[in-house]
Amino acid sequence: GPGQAAMYAGLQELGVANGEDLKETLTNCTEPLKAIEQFQTENGVLLPSLQSALPFLDLHGTPRLEFHQSVFDELREKLLERVSAIALEGKVEERYKKLEDLLEKSFSLVKMPSIQPVVMCVMKHLPKVPEKKLKLVMADKDLYKACAVEVKRQIWQDNQALFGDEVSPLLKQYILEKENILFSNDISVLHNFFSPSPKTRRQGEVVQKLTQMIGKNVKLYDMVLQFLRTLFLRTRNVHYCTLRAELLMSLHDLEVNEICNVDPCHKFTWCLDACIREKFVDNKRARELQGFLDGVKKGQEQVLGDLSMILCDPFAINTLALSTIRHLQDLVGQDTLPRESPDLLLLLRMLSLGQGAWDMIDSQVFKEPKMEAELITKFLPMLMSFVVDDHTFNVDQKLPSEEKGPIPYPSTIPEAYTKFLQENRIACEIGLYYILHITKQRNKNAFLRLLPALVETFSDLAFGDIFLHLLTGNLTLLGDEFALEEFCTSLFDGFFLTACSRKENVHRHVLRLLLHLHHKVAPAKLESLQKALEPTKQSGEAVKELYNQLTEKLELRKPSPAEVTETPSMELPLPTVPTPASR
């Protein structure tokens, strides 16, 4: 049948008899049994010592096919070992010449399932498979699938579209995994988006697969970076920047110097990676990073585009912002102004480069963004004054109160502060991290004072997923405050609900928070929130799903109605049949 034909494809070209030849021999002969015996002798295993052993196997009822198959399997294993050995021995030109000859001889049998592994093994060990053979492999889906990654790399490097098709589903998976972490139902201050170490993150499936696909091939590495840049431009999704850094560091872990040595970002990324691991930029590393930035030479400014993408990775921004807040607190203690601290200025410079990544890659104008003087002379001192307010208030609380009564916590914020958060990207990022910082310190007063400034921020940063993921985690530390009407009104009505209807992601984060803390919220407030958060026709599946989970939890909490003693009415409720739409 046709299946048989495929199995023995290519034997004739090599002058090896196949089933068709046997059929022809038998059709044109007078003594079939003699003919079969002759065919067996001519095409059997040509070992004199076997001639006497075969009848012995026949006596034991072992079919010749089974015997030949086992000899064949044994030989194939030996051949595979031999091919791998040839690939390592002798002079380079000679060994590749041997393998190329072998490929020439065996390639016509590539469709035979039994021989295919040998052909594939030969190709795998050839650094340059002849173009013609690659084209044949590429044209045949099954052969392409069966190829070793070493051969696929040779195909991919001249076929960007095909490589793109292979990489694309991995990039989609990567983004999805990131979003699943940000929207995870586990809300915790200890385990959040930024908890896993860089080393752990690089073990992720997508990074490992891409690393494997690239091997040591600079051309493929460049293609992946090009895909990441293009996708970052198209979507503004910063997770592509994370993947850019993770991929480079994964190759660094494997010491793939062929690539690391030609990526101009390698040493900078390596140094920054160590800071991300510590979640802090110490002075020694700060000097090192500054050296790289100052060392960008005339005519090589394009590297700034790559560096900015590395700095735009949320894990880098997180590290820079946390370090900035820590520096500001130290400055308050030392009575020093921000402009007098070179370390702080460097952090701002890197934040500014990271936040400017999209604009730089989009405009292709490679120069560092200008830092606004007012950020340093006005905004940061304002933040420092908030830190001072907290110190003053805390000291005041401890002093014996005279007639004057307790000093109230300052409740207003300078208008300039709100304006900065609306108009200046870096100020906004630092302001958001300051809010996270005071929430983590369980400083309810400062939190309620600064919260109103978050309703309108630069490009809605306060309603971004990363900030809301961190904020909801930190709010679990203020759990007991949720019993207070005033706190809930400020947080929900004053902040979250202002964006829920226009931003699906905010709706999701509020529901996540309530799923976690509903038992702490005052019952009357909970009821009004349940009404306010009801999904609309436009709501996506995720919102509906979360809302249903919340409703179920609240149902379970309701006190069971006291036993009703009325006589039951005779009307039986109709059984509810789910309609397909509501499933």
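Trainee: Where does S459 lie?

Mentor: S459 lies in the loop between α26 (444-450) and α27 (465-475). Helices here are DSSP runs of H or I with at least four residues, numbered from the N terminus. Bear in mind that this is a predicted model, where local features need pLDDT of at least 70, side-chain atom pairs count only at pLDDT 80 or more, and totals for chains, interfaces and linings use all residues. Residues are numbered from 1 along each chain as its sequence is written, and side-chain values use heavy atoms, with hydrogens and water left out.

Trainee: What is the phi of S459?

Mentor: Most residues other than glycine have a negative phi. S459 is not a glycine, yet its phi is positive, about 40 degrees. K279 is another non-glycine with a positive phi, about 55 degrees, and K279 sits in the loop between α17 (266-278) and α18 (283-294).

Trainee: At what angle do the axes of α21 and α25 cross?

Mentor: Axes are lines fitted to C-alpha atoms, for helices over the stretch in contact, and angles run from 0 to 180 degrees between N-to-C directions. For α21 (residues 342-355) and α25 (residues 425-440), the axes come within 10 Å and cross at roughly 110 degrees. That makes the two helices roughly perpendicular, a label covering 65 to 115 degrees. On the α21 side, the contact (heavy atoms within 4.5 Å) uses L348, L351, S352 and Q355; α25 brings R425, I426, E429 and I430.

Trainee: How many salt bridges does a search of the whole structure find?

Mentor: A salt bridge is a side-chain nitrogen of Lys or Arg within 4 Å of a carboxyl oxygen of Asp or Glu. The search finds 23. One of them pairs D263 with R244, closest N and O atoms 3.2 Å apart. D263 is in the loop between α16 (257-260) and α17, and R244 is in helix α15 (residues 239-253), so the pair ties together parts 19 residues apart in sequence. D263 is buried at 6% relative accessibility, and R244 is buried at 1%.

Conventions
Parallel < 35°, antiparallel > 145°, perpendicular 65-115°, else oblique. Buried < 20%, exposed > 50% of the residue type's maximum accessible area, 1.4 Å probe, protein only.
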